[in-house]
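I kept each entry to what I could look up directly.

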Amino acid sequence: MRPWNFSAGPSALPLEVLQHAAAEMTDWHGSGMSVMEMSHRGKQFTQIYEEALADLRELLQVPEEFDVLFMQGGASAQNAIVPLNLIGRRDARKADYVLAGIWSNKSHKEAQRYGDIAVAASSGAQADVDGRTQAPWTWFPKPADWSVRADASYLHICSNETIGGVEFPDWPDMKSLGAPEVPLVVDVSSHFLSRSIDFSKVGMVYAGAQKNAGPAGVTMVIVRKELIGHALPICPSAFDYANVSAAGSMFNTPPTYAMYMAGLVFKWLKKQGGIASMEAANIAKARALYDYLDGSSFYVSTVHPSYRSRMNVPFFLKDESLNAAFLEGADAADLRQLRGHKSVGGMRASIYNALPLEAVQALISYMQDFERRHG
Ligand code: PMP
């Protein structure tokens, strides 16, 4: 058995998927070639791409009016590609950003190169949230408190802040915010495929693959067709959604092997019963871990209970002088990559789709044991 891998990304992939890829590594379906060695325009890779596309559309029930693009550059490149493509939709060249952690802050900063960018709301201050005092970046601003400019080209949010462990799945209807013409753009990187997406609420979502969808290298963009075709003249051709869409994600050589691997993950997800079953499993995993944290006086979780991420669970030892011993013991117990992000400290358990409840139970049982020995 392999150790349980709690990395925030690149993160654990289903063992079955890795074994499947290994088995056809040197000869894909009798072609005499590895997927890495095939032309992206050939019949074989076209089949791989078309199946991946269809499976992803089916899993997420992507409506017809959306295009699905496979791009490169990660979610970080989208921080520029989004404004380059969307900000020119409207003459004012405005875009608004909700800030709730490191990733949304990075998106906001990058966008400033391309237009008139404003902060619609921010959780970057201590606040009273439903009767609890919350530290900065441990909660999510309520939509009623967002101020969105009605002439903005889009509103950007990050719906799962991977580092802070803050998740915001209840996206508002933009009409209710008095901005019906402003499409919602969502960075869903770290909870993509962990739950369903209500596409009626969004203009586009994007995600780097390296959490729930496959290896790093491919970025998935699911965008309303009506938003495509407004790129600024300075937008690099390979990053213009219109070019990528017209070429079926083959404007230039796409990350073929990463797309193939993502395709295998999509087939694995279908075999598990699709997104609904994954979501149920993710709820059970997160509940087990948060219930344990809430019941313990040795560990603490600082994110507001209404915004706790099901995917990324930061937690702290009350006595931080035990951090090194905790990580050393975890490693010996085959529980890997639990160190928190340096900006937050403490620990972080990322419990993506590929990790079963058994992994979370193994973590809890190690935590109980550590508490008994040091508490
Ligand atoms: N957004 C979120 C929510 C992320 O978790 C990450 C990566 N951890 C990024 C953006 C940046 O992704 P990439 O490194 O693929 O550019």
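I began with Gln 210, which is buried, having 25 other C-beta atoms within 10 Å; a residue is called buried if 20 or more other C-beta atoms lie within 10 Å of its own, exposed if 12 or fewer, and partly exposed in between, with C-beta atoms placed from the backbone. I note that this is a predicted model, in which local features need pLDDT of at least 70 and side-chain atom pairs count only at pLDDT 80 or more, while totals for chains, interfaces and linings use all residues. Residues are numbered from 1 along each chain as its sequence is written.

I placed Gln 210 in the loop between β11 (204-208) and β12 (219-224), where strands are DSSP runs of E with at least two residues and helices are runs of H or I with at least four, numbered from the N terminus. Leaving aside neighbours within four places in sequence, I found Gln 210 in contact (C-beta atoms, placed from the backbone, within 7 Å) with Gly 9, Pro 10, Ser 11, Pro 215 and Ala 216.

I then looked up the UniProt record, an unreviewed entry, which places the feature "binding site" at Ala 75, Ser 76, Trp 103, Thr 162, Asp 187, Gln 210, Asn 252 and Thr 253; such annotations may be inferred rather than shown by experiment. These positions span 179 residues in sequence, and their farthest two C-alpha atoms are 30.2 Å apart, so they do not all gather at one spot. Asn 252, in the loop between α5 (241-246) and α6, counts as exposed, with 12 C-beta neighbours inside 10 Å.

Next I traced the open sheet of 7 strands, whose order is β2-β12-β11-β10-β7-β3-β4 with mixed pairing; two strands pair if DSSP finds at least two bridges between them. The edge strands, each pairing on one side only, are β2 (66-71) and β4 (116-122). Within the sheet I checked β3 (residues 94-99) and β7 (residues 154-158), which pair in the parallel sense over 3 bridges, and Asp 96 has Leu 155 in β7 as its bridge partner.

Of its 105 residues, Ala 262 and Ile 351 touch the most other members, and helix α6 (residues 256-271) gives the most, with 9 residues. Domain 1 (16-271) and domain 2 (273-374) both give residues to this core, so it lies between them; the bounds come from an automatic or database domain assignment.

How values were computed: A nonpolar core is a set of buried Ala, Val, Leu, Ile, Met, Phe, Trp, Tyr and Cys residues joined through C-beta atoms within 7 Å. Two residues are in contact if their C-beta atoms, placed from the backbone, lie within 7 Å.
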